[in-house]
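Thank you all for making the time this morning. I would like to walk you through one structure, so please have a look at it before I go on.

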Amino acid sequence: MNRESPDQAALKRAGEILLSGGLVAFPTETVYGLGGNALDCAASRRIYAAKGRPSDNPLIVHIADLQDLPKIAAEIPEKAMLLAEAFWPGPLTMIFPRTDRVPLETTGGLQSVAVRFPSDLIAQELIRAGGGFVAAPSANTSGRPSPTTAEHVIADLSGKIEMILDGGPVGIGLESTIIDFTETIPTILRPGYISPAMLESILGEVRIDPGLLKEDSRIRPKAPGMKYRHYAPKADMAIIEGEPEAVTAYIRQQAEKDLAEGRIPGIIASEETLPQYKKGILRSAGSRADDETIAHNLYRILREFDDAEVDTIYSESFNTPRMGQAIMNRLLKAAGHHVINV
Ligand code: TXA
Ligand code: MG
């Protein structure tokens, strides 16, 4: 379906499915979402069931009109309105105290609600056709990388949902930045395309959830979803850090050892380093000078490695200036925080 002028008949049908309690997967600018009516507790329960997701992991409510925000958020600080002006519609999710209209099934039992106003036109028109409030987690089976194409959604959820709107590959490829306004100082619970510097330019002070920075499992991230080892590929994965030459030498050596012992290695490299690898299944995530491309390719590559049934994955580290924090957050989770310093 065309992103700029979506198929109206399909959208009408999709809206009717949502209004009658069914599930529709749809593209957004970040990743594909699995949508259900956010105000219908039975629809939320169906979302958890289709994904195989633990029911204490809350859903994001998607809106397509700023006027709808006060209907679901009980207190909206002025600073949040400034962020809405700057970054909505867009890849930013904000957390507020919920109103009674939002069922606890949707918020995973929490008294707060996460809200996002996506910029994707298909997403916006679907939300309007479906009553204005669409709960949508990423449209993957729980534990798999988030889907960045309709084919990824089909691979995970075919037969479990009523409809998939195919808008082609998404733009960003990593989930939205989440910022929590129920804390005294607004706190980033999940890094994404909207970087800390972009948030600080509007808010002044911003905190980062300490649970994100530490591997220490005693410090729990505040977003329940961030504690699970999802985005996870099937293979054993490690991130290799160190001087570039030492990193490529180590990965080359490990890949040869794997092959000699009958294992298939997958390597996540960059444009700059790709020529230095010869053996194993090689993928470039993109150029280090263009980290938006790296973000865009990451989940697709992890899925390709699953399909190729690799046994091990070695990834270079991508501590790039703009999106490095978001990319490394997902990579570290995919690798279960397995980092090898060389
Ligand atoms: O880009 C995105 O945000 C995508 C697209 C589809 O919009 N959605 C998405 O949803 O990534 P999901 O369910 O895969 O991730 C939502 C994250 C989870 O980590 C969840 O724990 C957290 O948001 N979350 C939701 N509501 C919350 C709340 N009230 N308090 C704290 N964390 C919350
Ligand atoms: Mg998800």
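Across the interface of domain 1 and domain 2 there are ten residue pairs in polar contact, with both residues at pLDDT 80 or more, where a polar contact is a pair of N or O atoms within 3.5 Å, one able to donate a hydrogen and the other to accept it, and where residues adjacent in sequence count only if both atoms are side-chain atoms. This is a predicted model, in which local features need pLDDT of at least 70 and side-chain atom pairs count only at pLDDT 80 or more, while totals for chains, interfaces and linings use all residues. Residues are numbered from 1 along each chain as its sequence is written, chains are lettered from A and ligands numbered from 1 in the order in which they are written, and side-chain values use heavy atoms, with hydrogens and water left out.

On the side of domain 1 that touches domain 2, helix 6 (150-157) and helix 7 (196-203) each supply at least two residues, helices being DSSP runs of H or I with at least four residues, and strands runs of E with at least two, numbered from the N terminus. The residues of that side divide into eleven nonpolar, nine polar and four charged, and here Ala, Val, Leu, Ile, Met, Phe, Trp, Tyr, Cys and Pro count as nonpolar, Asp, Glu, Lys and Arg as charged, and the others, Gly among them, as polar.

As for the domains themselves, an automatic or database assignment gives the bounds, with domain 1 covering 8-212 and domain 2 covering 236-341. The contact, meaning heavy atoms within 4.5 Å, takes 24 residues from domain 1 and 16 residues from domain 2.

Turning to charge, the count between domain 1 and domain 2 is three salt bridges, each a side-chain nitrogen of Lys or Arg within 4 Å of a carboxyl oxygen of Asp or Glu. Arginine 144 and aspartate 306 meet through their side chains in a salt bridge, at 2.9 Å from N to O. Arginine 303 forms a salt bridge with aspartate 156, and their closest N and O atoms are 2.9 Å apart. That pair links distant parts of the chain, since arginine 303 lies in helix 10 (residues 291-307) and aspartate 156 in helix 6, 147 residues apart.
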